[in-house]
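Hi,

Here is the structure I said I would pass on.

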Amino acid sequence: MGEDAAINGQAACARCQQSNVSIMVRNEDCFKKYVATKVNKRVESNKLRATFKDAPRSLLLPVSFGSSSISLLHILDQQLRDQKTRTGRCSFEIEVLFIDQSAAVQQDEYEEVWTYVKERFPLHNYSVARLEDVFDYITDLPGDGPAPDAAMTDGTTLSKQQQLENFLSSLPSATSRTDMIGILRSRLITSLATDHGCEFILYGDSTTRLAERTLSETAKGRGGAIPWLTADGQSPHGVRTVYPMRDLLRKEIVAYAGMADPPLTPLLLQQKGAPNIVTSSKNTTIDDLMGQYFGSVEQNYPSVVANV
């Protein structure tokens, strides 16, 4: 069949040798299997599945309603459904978490999409936390001294949202504010994982996202933190982190989200492809610059992204 496809001027799928290649060198069915297999191998290598004699492992999956985290939820959900059909039990349980960052950044309304996600994947537990809830768990911030004080000189008390807003507004640049939001989000996710009794945190970061982070952290002078910010393993805060999508490019995950049956696009608040070029440098962060660079590079030079 592959020869017939070549004779007819059609590219043959590299996996099944059928025609109708839809992305890269695979047709649609083979491409979806390719993506799922990449994730499954990471799940297996990190021993996320419990044995039959053990209780199911508890996994925390933070979602942002982007293509990567929702695609990861879709793939893991399918794994659990298949397990339950074959064996009558599940080897892991998923706690799906969304961090509401509306007190710190402009954010689309998520409630309707959140409802769609819960209806689409009803097997799992769901929770929402607000970024300012991090002040329930921490008393100091990395490199910045104590956390913001809620007490005012006139005896009144600031809300957690006001504390967060005041603290972020005191930072000198867009890069430092974006950086601190990421640190607070990470600390909150880790704290909530401990509260929920989760053994692992699963992030949907792609090869592209991890490459961006590698160069961003290097530019910020935190190259020493790169191993635990990008690698599977124990985090400094005591919970193991895993990146099951780490072997996939962002453009591959975006394509997968559109090919899923039914498509995942109604569950996304954003489709993050190549970032728009920012012409004003005033509010451009290091993360923005890295996003622009790798967003363009991965389209034609994916090996560069993988090498980073």
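This is a predicted model: local features need pLDDT of at least 70, side-chain atom pairs count only at pLDDT 80 or more; totals for chains, interfaces and linings use all residues.

Residues are numbered from 1 along each chain as its sequence is written, and side-chain values use heavy atoms, leaving out hydrogens and water.

The sheet is open and mixed, with six strands in the order S5-S4-S3-S6-S8-S7 (strands are DSSP E runs of at least two residues and helices H or I runs of at least four, numbered from the N terminus; strands pair if DSSP finds at least two bridges between them). Its edges are S5 and S7 (233-234), each pairing on one side only. Helix H3 (residues 67-87) packs on the sheet and touches S3 (57-63), S4, S5 and S6 (contact means heavy atoms within 4.5 Å).

S4 (residues 92-100) and S5 (residues 125-130) pair in parallel over six bridges, with Asn125 in S5 as the bridge partner of Glu95. Parallel pairing also links S6 (residues 200-202) to S8 (residues 240-242), over three bridges; there, Ile201 has Thr241 in S8 as its bridge partner.

Now the helix pair. Leu164, Phe167 and Leu168 in H5 meet Arg177, Met180, Ile181 and Leu184 in H6. By type, the residues of this contact are six nonpolar, no polar and one charged (nonpolar covers Ala, Val, Leu, Ile, Met, Phe, Trp, Tyr, Cys and Pro; charged covers Asp, Glu, Lys and Arg; the others, Gly among them, are polar).

Cheers

How values were computed:
Axes are lines fitted to C-alpha atoms, for helices over the stretch in contact, and angles run from 0 to 180 degrees between N-to-C directions.
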